[in-house]
Amino acid sequence: MKNKFDYIFCGYGLSSCIILYKMSSDNFFRNKSILVIENNNKEINKTWCFWDNKDSIWSDFIDKKWSDIRFKNIDTEIDYDLKQLRYNMISSSKFFKKIKKIVESKLKISVVYDDVLNISDENVTVNVRSKNGKYTANKVFNSIPKFTPYDDHKNFPKLLQHFKGWTIKTNTSCFDPSLATIMDFSIDQKNETRFFYLLPKKNNEALIEFTLFTKNLIEEEEYESEIKKYITSLNITDYAIISKEKGVIPMTCYPYDKYNSSNLINIGTAGGWTKPSSGYTFRFIDKFSDKLISFLISDRSFKNFKFRNRYWFYDLIFLDVLFNKNSVGSVLFETMFKKNSFSSIFRFLDNEGSYWDDFRIINSFPKLMFIKSFLKNIPRIISTYL
Ligand SMILES: Cc1cc2nc3c(=O)[nH]c(=O)nc-3n(C[C@H](O)[C@H](O)[C@H](O)COP(=O)(O)OP(=O)(O)OC[C@H]3O[C@@H](n4cnc5c(N)ncnc54)[C@H](O)[C@@H]3O)c2cc1C
């Protein structure tokens with residue numbers, strides 16, 4: 001096998017697949033030689049949820065769409081008709097099979113299952129060393145977290161979004177398949193930020209996911225016992241678990257883009273493309289991959305690939321508040337959902353709100369707590385932008 005390529009993708013997960021999919025529909029990339037190195041050839045069970053317009057390029061990949069969503073807390077239940085938007089769910093195993101088949105048939109691509117050990121930008125080209133090979137490319141796209149200064153967050157408040165989900169099947173009709181509960185805080189918060197997703201696929205099948213935004217992980221048994229308790233609270237006693245998923249997503253405003261060099265870019269979660277205050281990543285990979293495609297076509301240095309804007313600053317303050325007083329999460333989210341329309345919240349969470357949306361949402365939070373956090377973060381903000 002040759003070892004010189006136009007592009008090398010380290011990792012063949014969501015961000016690499018989305019970028020390759022977009023390349024596959026652009027003639028500019030038809031003759032580019034591409035190598036993908038991935039160390040896991042087993043099926044991955046994840047579900048990705050995101051909101052989008054009724055029709056988008058992802059329509060063919062979506063397993064389930066909801067037009068109504070619910071926010072819940074102990075004394076609050078807010079339902080919302082999404083109108084022209086849909087809350088979508090994609091299951092990773094079907095998605096990967098389908099998207100990989102498309103990209104591998106349309107692009108000049110080689111896939112190697114191997115462990116990437118090192119990536120180094122040598123100014124004109126980038127070298128990639130794996131357990132069983134050495135390769136060179138003009139441009140490298142890295143989605144492997146260990147090659148970014150992932151754990152070096154000391155100067156930034158860092159929380160973990162961690163979760164475990166069960167897809168369960170019941171014998172009787174127990175769910176409303178038209179309604180997705182995106183946050184249910186009506187559970188014991190244990191002085192932390194804890195909630196459930198309840199995403200019914202059918203009237204007898206749903207993904208039930210226990211999610212926490214905290215500094216540390218919890219014991220494996222606690223995720224499971226909380227899920228069982230939640231299922232009991234829905235008056236469901238007879239059910240079968242058909243699949244399980246779990247994950248940990250970093251929630252941080254660490255400026256990952258500073259680690260991109262001319263020809264090496266960190267993508268996906270490893271590139272800081274995860275929304276720090278929510279953990280949502282799919283939509284951001286979708287958006288940033290469009291920007292990346294135009295960078296490649298115009299042959300611009302990845303050093304100029306910047307995406308930090310005013311939302312970075314809002315996320316920093318929000319995370320700092322949650323980091324210092326983790327128990328306020330349910331109150332903050334409840335206030336936000338009570339005082340604002342879901343459409344403006346979704347625009348805000350997509351970093352696409354108007355200044356008026358931003359003002360109204362920020363204004364709904366407790367002022368003193370946020371002002372204190374803002375003042376405390378001024379040095380961090382200045383040092384990041386200098
Ligand atoms: C269970 C789960 C559910 C999620 N749900 C949502 C959701 O609902 N909505 C949302 O917006 N986001 C969600 N996310 C966050 C985010 O969308 C996903 O984590 C997404 O997969 C990130 O894409 P990525 O390309 O950055 O990383 P990945 O998809 O993880 O890709 C990285 C790839 O690198 C490979 N790799 C790692 N080390 C090496 C190595 N040394 N050599 C070679 N290959 C290596 C991995 O095997 C992996 O395939 C979820 C995350 C998880 C874990």
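Predicted model: local features only at pLDDT ≥ 70, side-chain atom pairs only at ≥ 80, totals over all residues.
Colleague: Where is the place of Thr-167, and is it buried or exposed?

Modeller: Thr-167 sits in strand 12, residues 159-170, where strands (E, at least two residues) and helices (H or I, at least four) are DSSP runs numbered from the N terminus. It counts as buried because it has 20 C-beta neighbours inside 10 Å, and the rule calls a residue buried if 20 or more other C-beta atoms lie within 10 Å of its own, exposed if 12 or fewer and partly exposed in between, with C-beta atoms placed from the backbone. Glu-77, 90 residues away from Thr-167 in sequence, is 23 Å from it in space, C-alpha to C-alpha.

Colleague: Stepping back, how many helices and strands are there in the protein chain?

Modeller: The protein chain has nine helices and 17 strands. Its C-alpha trace spans about 60 × 55 × 40 Å along the principal axes, and 38% of its 386 residues count as buried. The radius of gyration is 21 Å, which agrees with the value near 21 Å for a compact globule of 386 residues; the radius is taken over C-alpha atoms, and the globule rule is 2.2 Å times the number of residues to the power 0.38. Of the contacts between residues at least 6 apart in sequence, 74% join residues at least 24 apart.

Colleague: And which domains does the assignment give?

Modeller: The assignment, automatic or from a database, gives domain 1 (4-43 + 91-151 + 256-304), domain 2 (159-251) and domain 3 (310-385). The centres of domain 1 and domain 3, taken over C-alpha atoms, are separated by 31 Å. Six residues from domain 1 and five residues from domain 3 make up the contact.

Colleague: What about the ligand: which residues come nearest?

Modeller: Gly-11, Gly-13, Ser-15, Gly-247 and Gly-268 come nearest, out of 29 residues around the ligand, a residue being near if its C-beta atom, placed from the backbone, lies within 6 Å of the molecule. Helix 1 (14-24), strand 2 (33-38), strand 3 (47-53) and strand 16 (239-251) are the elements that give two or more residues to this shell, and strand 3 gives the most, with four residues. Domain 1 and domain 2 each supply at least three residues of the shell. By class, the shell divides into 13 nonpolar, twelve polar and four charged residues; Ala, Val, Leu, Ile, Met, Phe, Trp, Tyr, Cys and Pro count as nonpolar, Asp, Glu, Lys and Arg as charged, and the others, Gly among them, as polar.

Colleague: In the largest nonpolar core, which residues touch the most other members?

Modeller: Among the 82 residues of that core, Ile-8, Phe-9, Cys-10, Val-128, Val-140 and Ile-208 touch the most other members; a nonpolar core is a set of buried Ala, Val, Leu, Ile, Met, Phe, Trp, Tyr and Cys residues joined through C-beta atoms within 7 Å. Helix 1 provides the largest share of this core, seven residues. A second, separate core of 16 residues includes Cys-253, Tyr-311, Ile-317 and Val-321. Leaving aside neighbours within four places in sequence, Ile-8 is in contact with Leu-35, Ile-37, Val-128, Tyr-135, Ala-137 and Val-140.

Colleague: Now the backbone: what is the phi of Lys-190, and of Asp-299?

Modeller: Lys-190 has a positive phi of about 45° although it is not a glycine, and Asp-299, also a residue other than glycine, has a positive phi near 55°. Lys-190 lies in the loop between strand 13 (179-184) and strand 14 (194-202) and is partly exposed, with 14 other C-beta atoms within 10 Å. Asp-299 belongs to the loop between helix 4 (282-297) and helix 5 and counts as exposed, because it has 8 C-beta neighbours inside 10 Å.

Colleague: Last one, where does Pro-366 lie?

Modeller: Pro-366 is in the loop between helix 8 (355-363) and helix 9 (367-385), and it is exposed, with 12 other C-beta atoms within 10 Å. Its C-alpha atom is separated by 9.7 Å from that of Val-331, 35 residues away along the chain.

Terms used. Residues numbered from 1 in each chain as written. Contact = placed C-beta atoms within 7 Å.
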